[in-house]
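Here are a few friendly comments to read alongside the model.

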Amino acid sequence: MIIDDDIKNFRLEYKQFSIIVAFNNDKFHLDYTVQSVLNQTIDFKENVQLILIDCASVDESYEIALGYEKQFPDNILLLSNETASIADGRNMGFEYSNAEYVNFLDSRDYLDDDALKEIHKAIQETGEGIICLPVAVFTNEEGYSPRTYEKTGLIDITKTPGFFLRFIYSSFIKRELLTDIAFDSRIVDADEMMFANQLLITNNRYVLLNNGIYYYLRIRNEIHDELMQKKEFFTSKINYFLEELIMYSLEKTGEVKLFIKYVVLENIISLLKNTDIVTVLSKEELNDFFNSMKHILSFISNDEITKICDNLSHSSFLIAIKSGSITLENILNKTLYDSFDVKVSDDNVQVLSDDYIIDDLSSRPIILDFATLRDDVLYFSGYFESIMDNGYISIDGIKEYSNGEKEVIPASYYHYPTRDSEYMMGIEWNFVYNFDLAVPIKSRNENSTVKLRVNYGNSTKLNCKIRFRQYCNISYYSNYYAKDDMIIMFDDKFNIMPYSYSKLFKYEVNGLIKVFKGKNLFYKQALFFRVVNLLLYPFMRNKEIWIIMDRKQAADDNGEHFYKYALKQDDGIKKFFSINESSPDYERLEKTYGNVLKFESIKHRFYYTFADKIISSQGSEFYLNPFRNRQYYQTAGISNIDFYFLQHGIIKDNMSSWLRKYDRNPKLIVTSTQLEYESLFDEGYNYGDKVIQLLGLPRYDNLNNQGLKKQIVIMPSWRNYLTDEEDVLKSEYFFRFNSLINNKRLIDYAQAKGYEIVFKPHPELVRYLYLFDKNDYVQIDENKKYQEIFNESSVLVTDYSSIFFDFSYLKKPLIYYQYGNDYHYDSDNGYFQYETMGFGPVIKQEDELVDKLIEYMDSDCKMEEIYKKRVDDFFKYHDHNNSKRCYDWIINH
């Protein structure tokens, strides 16, 4: 271990790679990070030196690192930095590095096993000084999602200035290029971007690989929110990052390089969009910030601002600040619009600041969430942005038939609280007009077109371009799709035509050429499946195929229970169940039902491209789409599968922050109670009565109290804000339930009464079970099916989990243990109120909870009459025919 700052000449033996990891209190991540380096497919001892720098940790991080240094003394060096500054730690690590290429791996991230092999290969092939891995952003809740790259290979920053480096962690850099720069510890939350782009100022190019992945942990929202409450978050970025980056470029090259202007504008916009800035900074600090921003903008022309900012609302705000049309006083007094001129013509609206156009509505795009053909109606959903109030805006669909006849179909406006106006420095500036449009198709033989038009007031008609969101079923690479014996093809309008294979072949070949030329991540896989789909489409298009799912890693939810029923129906439909091969349910499903698709296997992706319906208890693309992590936009259009959402449970809280039409567009959402059904028409969801159906959850068909025994089951919900072990250990959630399952009074009384106690963790909690204290009496169950647990248990303890609906359906007692207000969904504004509608008492203290459990054990676990009546009044169906109702609806729609 080296800790003496005077030892400057100490070096590990020279290697090809020096990986520098500075850490501060990262005991929950450091093992995984280091192991990802040790597990590389190239020889670690021959090729890698790993330099670990402890930055004043007070947890066990240092001891973990010391263990690795002792295990690999010739390859791993542990240093100690006296401060908690990660930037200073990285600088220290660099001083001790002794390798051809250096990397600054973040202590919460990790490398794909082939990462160094791919970097080594690129070094041999290109000899370039900066080589970058593709990045996959990951969270513990949703797994990983590869970033979308418009360009890979050799990136010349002078030719493609928008491709600057947003962080340095995934880059491997020749050591000789780094002698003139260092990480700046004064900068909050952007020192790595400063470092990366200082590097590019004197080295104008880098290689971005297609293979080998850098896994980047997305920062937890609460950590980022905490940073944004510090004035240094704003002041250090504007002064020590953006202003100094401008000066550095001038010093080194005599100009502000174009790509630096991209860096600067992107970051200024990010700061201005943060509404905290006007409350965190004092008026004097705001004035200094404003003046520094104007100084920075003076190096960037208005035309450059307009070109670089891909959002006109952003560029208009900056230009108005730069010209003086917007002053700090305008912002603080909310008088922004007083100094603007608006010019209106028949086909355009322009907003001017000192004769400079800061908004031009005709150049604004209409952005589509989806364009879906269902039941002979072409449905559009999307939005239009401008700095003009939504009261002036409307959108029409102009349908033109082959005989020249035209029909104007007005779209309807919808207000999504989750996709609303954008604020700049706390001022409402960018307005979002969300719309829905339904275009009836009179005949499947018709040839017609649909063009979307934006209206300003009653007289101005604007023809705007169309852009598509990431998961839209039409994209740049797939500008058509075929469904219901029809083809919808987009050029500058939507062309509706009868299906013919020759037309499909022509459109698909154009798409294949685009994918091949783009050469994005996973493009070869996209080409393979698109070619297979093209060749087999004439033979497969009339085959009915259903894919049914629960979670990728677990079954025994509404998907499996629906599958069990559907398989018994003699309907000629090919039905599959999809699940990960690593799931403990995989072999059971294969043996019991057959036709199991390994999730993301070639066979799964093949059938997905031809399937008619996907039917699942899960609503996220992450759980449904086998192309989700393979640049979905490259395969958009070849699958036009309808999604039927069976639901995971009964919705009781307002979930429109997650379940909303612009992100999830199912053909069916199953509900089980009248109140749940009505709640989904509340603001924020935007689903109509054709989608929301009161049918009942399929898994309720198998609730029957079979095997009932003396058993208490404890089943807490999850908390989405818990993203790692550190979060879990520090949470009241962990403290409360760890204490409950080890409560001596409860255990002793249950034992005396002959009651077993089972702790059934939420699937997200399973990986943290080792953190809980264990005892000899309470069983921690990871494997038993939920139905079995519900049927055999006598009493349930939960908090907010919707599984209490399943249990109450059996009219057995339950307790809501709601110790605090830490649930992630908006239960206060949901229709279900626990105190007045719940099927058991709401308890906040552990002692009171144990008292109630003892009371239930003494009364043979009988549900009170008041709660039985609530159960009878709440549920629509008690007939065990939910699967049949769902099946009948799905097969007819």
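Predicted model: local features only at pLDDT ≥ 70, side-chain atom pairs only at ≥ 80, totals over all residues.

1. Let's start with helix H11, residues 283–297. Its 15 residues should span 21 Å at 1.5 Å a residue, and the end C-alpha atoms are 21 Å apart, which agrees.

2. Glu285, Leu286, Phe289, Phe290, Ser292, Met293, Ile296 and Leu297 are buried in H11. They lie on the same side of H11, because they cover an arc of only 165° around the axis. An α-helix has 3.6 residues a turn, so residues three or four places apart point the same way. Lys283 and Glu284, on the other side of H11, are exposed.

3. What covers those buried residues of H11? Among the elements are helix H8 (231–253), helix H9 (258–273), helix H12 (302–308) and helix H13 (312–323).

4. Helix H15 (residues 501–518) has 18 residues, and from first to last C-alpha it reaches 25 Å, close to the 26 Å expected. Its buried residues are Leu504, Tyr507, Glu508, Gly511, Leu512, Val515 and Gly518. Their arc around the axis is only 145°, which puts them on the same side of H15. Ser502, Lys506 and Lys517 are exposed on the other side.

5. The buried residues of H15 pack against strands E26 (480–483), E27 (486–490) and E28 (494–498), and against helix H16 (523–540). Just after H15, Lys519 has a positive phi of about 50°.

6. Finally, have a look at Leu536, which sits in helix H16. Leu536 is partly exposed, at 32% relative accessible area. Together with Val531, Leu535 and Phe539, Leu536 makes a nonpolar surface patch of about 380 Å².

Technical notes:
Residues numbered from 1 in each chain as written. Heavy atoms only, no water. Helix = DSSP H or I, 4+ residues; strand = E, 2+ residues; numbered from the N terminus. Expected span 1.5 Å × (residues − 1). Buried < 20%, exposed > 50% of the residue type's maximum accessible area, 1.4 Å probe, protein only. Arc of directions from axis to C-beta. Contact = heavy atoms within 4.5 Å. Patch = residues over 30% accessible without salt bridge, like charges linked within 9 Å, V, L, I, M, F, W, Y side chains within 5 Å. Areas by Shrake-Rupley, 256 points an atom, 1.4 Å probe, with all protein chains shown as cover. Salt bridge = Lys/Arg side-chain N within 4 Å of Asp/Glu carboxyl O.
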